[in-house]
Amino acid sequence: MVQRRYGLVGCGSRARMYVGAMTGAHAADAALIALGDTNPGRAQFHRAAVVAAGAPEPQVFHPDDLERVIAEQRLDRVVVTSPDHTHADLVSRSLLAGADVVVEKPLTTDVDGARRIVDAVRRSGRSVVMTFNYRYSPRNTALKRVISSGAIGTVTSVHFEWVLDTKHGADYFRRWHRRKADSGGLLVHKASHHFDLVNWWIDDEPRRVFASGGLRFYGPKNAAARGLGPRPARGTGGDASDPFQLDLRSDELLKYLYLDNEQHDGYVRDQDVFSGDIDIEDNLSLVVDYVGGPSMSYSLNAHAPWEGYTVAVNGTAGRAELSVVERGAVTAEAWLDPSAVPEARDQRDERPVAERLLVQEHWGTAREVPIENGEGGHGGGDVKLLRDVFVGPGEDPLGTPADYTDGVRAVAVGIAGNASLATGRAVTVEELGLWGGPEALEP
């Protein structure tokens, strides 16, 4: 068995899954050699976790030194878990320095980023693994199996609704995600998961996108319209009874990663969700046409009282419907419980409240398709994802593992959607030129 040498760039909370895998279940497959972040305090947090797990102490470095570290430490792969707007730079630099890449969604946030990564793959010949963990969730795999079996015939349309509740959804408006320049907005940061699922489920590519939406719940204008008075700029030290305020002192992990390390970079993790510099949308609706003929209606709401999603896939022979309730309600009691602070408890380890997959063929009655969950996050899906990342995929007729081409196709919908929001017209993926010029690698 070959143990690959890894670097990781981006030492926020998302890095924990990969650090844990490389010092735990996949320690024989991966050695974590170096940790990079612009904030040395957060890098030291993960360095200490590596040492506590009994693994050799990794080097800590600034991302400006990425190429040097790849060369000096002979890194085989770099895991990128940094803020979205940095992905294109870190992925392309890693590739051109001679390392393969594992990158969290989204692949990038804009057209220039996509072109830069495509060009780096073409020039380097290296590989990019996209970690679309929702593909691995048993309920989503079950729907893929149904569609691939031909049970509902040729897909004609998809309806997809995703609701984020006032615990999870609100958190995007406290963090760096609240600025579209940093995250691409929820159409890119969050919905790239959803668009990838549809691309994968129906084995098709997006062609044209029309989007409508706006900031209708969070932000100062909406707060004023609902009669909310003056608010503190941040949650720490504020009103503990306010469910929209997050006190970083209420959780040891959040306090250490963010509050205790603000002096290094000035990043404030607990900003008020009703403050003035938010420029992303909290309500979004899209119509997406696909190359093969189907269309999709999609909606995203970031202030619902419950969290989950419903998807219906119509075909020439019937219909499949997947309904998932990931959290049935957000209560004041749960919010005020420090163990319920967003990111303090790994939400991937939570089982859904309810999930059901129904298939109904023409002239027949509906039948429920069993969903077989396993141990670990996302119903056992995270275990399978990490195995594919660190060991390599085995035989998979569903094509679950994803690469950079899947990453580009997923963000294509969000990037086109943002362009549609800005122009008020439908935008084709082709006109964006995500794949670069004629000399670039074809999709």
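Student: What makes up the accessible surface of the protein chain?

Tutor: In this predicted model, the surface comes to about 17,800 Å². Carbon and sulfur atoms hold 51% of that area.

Student: How many of the 443 residues count as buried?

Tutor: The share is 55%.

Student: How do you know what radius of gyration to set against a compact globule?

Tutor: The rule is 2.2 Å times the number of residues to the power 0.38. With 443 residues, that gives a value near 22 Å. The protein chain has 22 Å, so the two agree. Its C-alpha atoms fill a box of roughly 65 × 60 × 45 Å along the principal axes.

Student: What share of the contacts joins residues 24 or more positions apart?

Tutor: It is 77%, counted among contacts with a separation of 6 or more. The chain itself has 17 helices and 16 strands.

Student: Where is R77?

Tutor: R77 sits in strand 4, residues 77–80.

Student: Why is R77 said to have no salt bridge?

Tutor: A salt bridge needs a side-chain nitrogen of Lys or Arg within 4 Å of a carboxyl oxygen of Asp or Glu. The nearest side chain of opposite charge to R77 is D100, at 4.8 Å. That is beyond the cut-off, so no salt bridge is counted, although R77 is buried.

Student: Which residues is R77 in contact with, leaving aside neighbours within four places in sequence?

Tutor: D100 is one of them. Others include R4, R5, Y6, V129 and V389. Contact means heavy atoms within 4.5 Å.

Key:
Residues are numbered from 1 along each chain as its sequence is written. This is a predicted model: local features need pLDDT of at least 70, side-chain atom pairs count only at pLDDT 80 or more; totals for chains, interfaces and linings use all residues. Side-chain values use heavy atoms; hydrogens and water are left out. Helices (H or I, at least four residues) and strands (E, at least two) are DSSP runs, numbered from the N terminus. Buried means under 20% relative accessible area, exposed over 50%, partly exposed in between (1.4 Å probe, protein chains only). Accessible areas come from the Shrake-Rupley method with a 1.4 Å probe; for residues, only the protein chains shown count as cover. Lys and Arg count as positive and Asp and Glu as negative; His and the chain ends are not counted.
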